Amino acid sequence: MSAYLRLAGVNKTFGSFTALGHIDLEVEKGEFVTFLGPSGSGKTTTLMVIAGFEQATKGEITVADQSLAHLAPQERNIGIVFQNYALFPHKTAAENVYFPLQMRKVGKKEGMKKAEEMLELVGLAGFAHRLPKELSGGQQQRVALARALVFEPDLLLLDEPLGALDKNLREQMQIEIKRIQKRLGVTTIFVTHDQTEAMSMSDRIVVFSNGAIEQAAAPLDIYHRPATRFVADFIGESNLLEATITDAASGKAQSPVLGEVTCGAEGMPPLTDGQAVTLLIRPEHLKLSREPKEGRQNAQMVIETIVNYGDNAVVIGHAGDQQIRVRVPGADVVILKEGDSCHFSWTADAVFVLDK
Ligand code: ATP
């Protein structure tokens, strides 16, 4: 099966500045893909090029094998929601949602009926006659979503649509958007710089850095099997340690901080003897103890800071020059003190190798 949306060699420059280097990406029909990355990494530019608000300098974009090159934004059949995509202030919620249908010459009676059905789908039954100023921020975003979906777009593009909402409302809307997207089966690209949001909502996450794709994979793959050091560092909390592979066949490495380590996480890249690598151990895979733990690999650290989150805490310490982060159950924090020396331990399956 061929991809539904395909970006091939997409490059975008603004004067002498390269915003997108060479973007290749394929998205399946019905997929929910999130663009995640630091500010300025090219997420919005990629979205704008797909939407047609920006022209790619090079490369091709196709939907169902049809090139979008010569289509103006309004001809692309793409629904878009921005963080501040203003609704028409003098139109009611239903009239706002009807607007794209009106542009497509759908009659008022039929169009308003569809608009009201769409408002119902986004949880705004009974709000059809309200003006935007009579709706909360979250409700306005629901209207914007209904307006982007009412004409059955080929693609739905969402650019930080929840950025202006408070945490609780944001979480509620994440669940809602996911529900509506699955129900309609609309191919969706969601831009965010919030990694929890990306983790919880996406079929696949595309990690951007400096106008390039670092990795495109399912959320758990991104977390457990990052392709690059940048991804390992950007997604979640990580301990990254330099090491050299001493015996590739048995996964043995020598690390100045940890000593001899056995690397055995699933899905590691192929190893060779003498290879310089970076080891990744997530803080939740380390345990702290007074004495070395039997059956685990151990090293020592001195506790520097304890950051308490209630149900859990992150203990930050130093082993030589290396900072070590350990996530512990909240209850364990009472027995730990800053300045204490302790052991941290792990098992081979917690050690993932990144090729340098
Ligand atoms: P954010 O999370 O902050 O929205 P982003 O990943 O979406 O960031 P883009 O908005 O795609 O990043 O910007 C990528 C780079 O391109 C940035 O360095 C930005 O300054 C630059 N850029 C974007 N639009 C223009 C423009 N119209 N003219 C010049 N440079 C631009």
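Okay, a term to begin with: helices (H or I, at least four residues) and strands (E, at least two) are DSSP runs, numbered from the N terminus. With that naming, β2 (17–27) and α1 (43–51) each put at least two residues into the shell around the ligand. Before I go on, this is a predicted model, so local features need pLDDT of at least 70, side-chain atom pairs count only at pLDDT 80 or more, and totals for chains, interfaces and linings use all residues. Residues are numbered from 1 along each chain as its sequence is written.

Let's stay with the ligand. The shell has 13 residues, and the closest are F14, A19, S39, T44 and T45. Near here is a C-beta criterion: the C-beta atom, placed from the backbone, lies within 6 Å of the molecule. Which helix gives the largest share of the shell around the ligand? That's α1, with three residues. Split by class, you get four nonpolar, eight polar and one charged. For the classes, Ala, Val, Leu, Ile, Met, Phe, Trp, Tyr, Cys and Pro count as nonpolar, Asp, Glu, Lys and Arg as charged, and the others, Gly among them, as polar.

Now the whole chain. We have eight helices and 20 strands, and the C-alpha trace spans about 75 × 45 × 40 Å along its principal axes. Of the 356 residues, 36% are buried. Buried means 20 or more other C-beta atoms within 10 Å of the residue's own, exposed means 12 or fewer, and partly exposed is in between, again with C-beta atoms placed from the backbone. As for contacts, two residues are in contact if their C-beta atoms, placed from the backbone, lie within 7 Å. Take the contacts between residues at least 6 apart in sequence: 65% of them join residues at least 24 apart.

On to domains, whose bounds come from an automatic or database domain assignment. That assignment gives domain 1 (5–229) and domain 2 (237–355). Their C-alpha centres lie 39 Å apart. How many residues of each domain are in contact with the other? Five from domain 1 meet six from domain 2. On the domain 1 side, the touching residues are one nonpolar, two polar and two charged.

Next up, α3, residues 108–121. This helix has 14 residues and reaches 20 Å from its first C-alpha to its last, close to the 20 Å expected at 1.5 Å a residue. That expectation is 1.5 Å times one less than the number of residues. Which residues of α3 are buried? They are G111, A115, E116, M118 and L119. Looking down the axis of α3, those buried residues fall within an arc of 160°, so they line one face of the helix. The arc is taken over the directions from the helix axis to the C-beta atoms. As background, an α-helix has 3.6 residues a turn, so residues three or four places apart point the same way. What covers the buried residues of α3 includes α2 (93–103) and α4 (137–149). The face turned away from the buried side carries the exposed residues K109 and E110. Just after α3, G123 takes a positive phi of about 85°.

Speaking of positive phi, there are a couple of non-glycine cases to look at. A64 has phi near 50°, and its place is the loop between β4 (58–63) and β5 (66–67). Is A64 buried or exposed? A64 is exposed, because its count of other C-beta atoms within 10 Å is 12. E152 also has a positive phi, near 50°, in the loop between α4 and β7 (155–159). E152 counts as exposed too, with 10 C-beta neighbours inside 10 Å.

V207 sits in β9 (residues 204–209) and is buried, with 27 other C-beta atoms within 10 Å. Leaving aside neighbours within four places in sequence, V207 is in contact with L36, G37, E214, Q215, I222, V231 and F234.

L280 sits in β14 (residues 276–281), and L280 is buried because 26 other C-beta atoms lie within 10 Å. Setting aside residues up to four places away in sequence, L280 touches P226, A232, S238, L240, F352 and L354. Take P226: L280 and P226 are 54 residues apart in sequence and 9.2 Å apart in space, C-alpha to C-alpha. That's all from me.
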